[in-house]
Amino acid sequence: VLEEKYNQESNRVEQKELRSQKTKLKKQLKAIESDYLPRLRKYEVQKRILGNRNSFSKTDYDATFMRMKDDHMKNGQLKAGYNIQLATQNQFIVGYKLFQKPGDTRCFQPFMEKLFRSLPKVPKQVVADAGYASEENYLYALGEEKEPRFELLAPYHTYLKEQTRKYKKDISKVQNWKYLEQEDAFICPNNRKVLFKRYSKRKNESGYEQDFKIYECEDCTGCPLRSLCTKSKGNRKVYWNPIYEEIKAKTKTALDDEQKATLYAKRKVDVESVFGHIKGNLSFTRFRLRGIEKVETEFGIVALAHNLLKFVGNIKLFSGKCKKSELRNTRISQFRSFFGDLLDSPLYFNEIR
């Protein structure tokens with residue numbers, strides 16, 4: 001009798017457990033069908049929209065969240081927008097392209113490829129700010145040895161810092177150390193040799209590989225300058241990029257030249273005034289359309305309006321200095337000479353958001 005009661009009780013417990021498990025499975029299945037699967041499909045759609053970006057706007061899927069220059073709240077807030085790359089000559093817009101990337105470095109080459117297809121000839125000099133300076137872009141500008149593309153006048157990121165007295169006296173900077181070419185070694189501030197050890201490669205976000213030479217100090221034990229030189233526990237290591245350092249030296253020589261320094265100083269006058277005219281005088285501070293194709297067309301109309309107003313202003317300014325009898329022929333010659341000089345003048349780069 002006890003055995004029979006035990007079997008009945010165990011069967012009852014098993015049936016209860018089975019019912020509870022069925023209930024749990026039904027709840028889980030319902031959650032999968034009503035919640036997880038729809039969310040998974042939603043995430044897959046969002047991933048396709050996102051592509052290689054890190055964000056997109058719900059009101060305009062092509063727009064990316066970026067830090068805008070017009071930060072009214074002064075808190076570095078992100079807003080959905082586009083990165084517009086502009087090329088100007090004599091304050092005329094000669095080319096533009098919209099990008100969904102917030103950085104300017106990786107926008108330079110695709111923008112130049114578009115200009116190559118649209119301009120009758122590429123200027124010999126391209127002037128840009130430090131945002132476009134990178135080893136990859138410098139090498140792109142140099143082109144092949146027999147067919148150089150153009151000269152890129154863009155200061156590298158530490159160019160202004162290297163001019164300061166503080167940087168020149170900083171003993172942690174390898175640029176201030178003595179280099180022994182025959183031994184391929186640096187001499188640190190404590191007169192110890194920093195010897196070459198091995199080669200290394202690094203790949204950046206765009207997939208470009210950089211070659212580095214790694215140097216290591218022979219012995220940093222007991223060095224009185226250690227705290228000023230390095231924070232690492234072992235010996236001081238130096239990662240030296242010979243290709244980029246050579247390009248930086250050539251860029252520094254070019255920017256130190258008086259003629260080219262004057263040319264670079266004209267960059268802010270040539271390209272920044274275009275932004276001021278579009279944003280200030282034309283009051284174009286935001287797009288009215290959605291989608292990158294529509295937005296690109298919208299900005300094209302704005303660029304066309306800017307160029308027409310600029311050209312008419314130049315004609316009026318020049319016409320005031322001529323007699324009426326000479327006005328027609330003078331306008332034609334002015335038109336030809338102006339656009340002839342436009343193609344031969346340097347190309348100025350900048351971005352607007």
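**Surface, pocket and charged pairs**

Leucine 40 counts as partly exposed, because its relative accessibility is 44%. The model shown here is predicted. Leucine 40 belongs to helix H1, which covers residues 2–50.

The largest pocket holds about 610 Å³ of space. Its lining consists of 24 residues. Closest to the centre of the largest pocket are Met68, Ala80, Thr285, Arg286 and Phe287. Which elements give two or more residues to this lining? They are strand E2, residues 78–81, and helix H9, residues 292–319. Strand E2 supplies the largest share, with three residues. By class, the lining of the largest pocket has eleven nonpolar residues, eight charged and five polar.

Two cavities of 30 Å³ or more are counted. The largest cavity contains about 100 Å³ of space. Which residues lie nearest the centre of the largest cavity? They are Cys188, Cys217, Cys220, Cys223 and Cys229. In total, 15 residues line this cavity. Nine of its lining residues are nonpolar, four are charged and two are polar.

Next come the charged pairs. Side chains of opposite charge can pair when their charged atoms come close. How many salt bridges does a search of the whole structure find? The search finds ten. Three of them are followed here.

Start with glutamate 296 and lysine 114. Their closest N and O atoms are 3.6 Å apart, and the two residues form a salt bridge. Glutamate 296 sits in helix H9 and lysine 114 in helix H2, residues 108–118, so this pair ties together parts that are 182 residues apart in sequence. Is glutamate 296 buried, partly exposed or exposed? Its relative accessible area is 22%, so glutamate 296 is partly exposed. Lysine 114 is also partly exposed, because its relative accessibility is 25%.

The next pair is lysine 260 with glutamate 151. Here the closest N and O atoms of the salt bridge are 2.7 Å apart. Where do the two partners lie? Lysine 260 is in helix H8, residues 258–281, and glutamate 151 is in strand E6, residues 151–153. The pair links distant parts of the chain, 109 residues apart. Lysine 260 is partly exposed, because its relative accessible area is 23%. Glutamate 151, at 24%, is therefore partly exposed as well.

A further salt bridge joins the side chains of glutamate 272 and arginine 267. The N to O distance is 3.8 Å. This falls within the 4 Å cut-off for a salt bridge. The partners fall on opposite sides of the 20% limit for burial. Glutamate 272 has a relative accessible area of 31%, so it is partly exposed. Arginine 267 has 11%, so it is buried.

Aspartate 184 lies in the loop between strand E7, residues 178–180, and strand E8, residues 185–187. What is the phi of aspartate 184? It is near 55°, a positive value in a residue other than glycine. Aspartate 184 counts as buried, because its relative accessibility is 18%.

Asparagine 191 is found in the loop between E8 and strand E9, residues 193–203. Asparagine 191 is not a glycine either, yet its phi is positive, at about 60°. Is asparagine 191 buried or exposed? Its relative accessible area is 65%, so asparagine 191 is exposed.

Strand E7 brings in one more residue, lysine 178. Lysine 178 is exposed, because its relative accessible area is 56%. How far apart in space are lysine 178 and asparagine 191? C-alpha to C-alpha, the distance is 9.4 Å. In sequence, lysine 178 and asparagine 191 are 13 residues apart.

Methods: Residues are numbered from 1 along each chain as its sequence is written. This is a predicted model: local features need pLDDT of at least 70, side-chain atom pairs count only at pLDDT 80 or more; totals for chains, interfaces and linings use all residues. Side-chain values use heavy atoms; hydrogens and water are left out. Helices (H or I, at least four residues) and strands (E, at least two) are DSSP runs, numbered from the N terminus. Buried means under 20% relative accessible area, exposed over 50%, partly exposed in between (1.4 Å probe, protein chains only). On a 1 Å grid over the protein atoms alone, a cavity is a set of points where a 1.4 Å probe fits but cannot get out, and a pocket is an open set with protein on both sides within 12 Å along at least five of seven lines; lining residues have an atom within 4 Å of a point. Grid points are joined across faces, edges and corners, and a volume is the space filled by probe spheres set on the points. Ala, Val, Leu, Ile, Met, Phe, Trp, Tyr, Cys and Pro count as nonpolar, Asp, Glu, Lys and Arg as charged, and the others, Gly among them, as polar.
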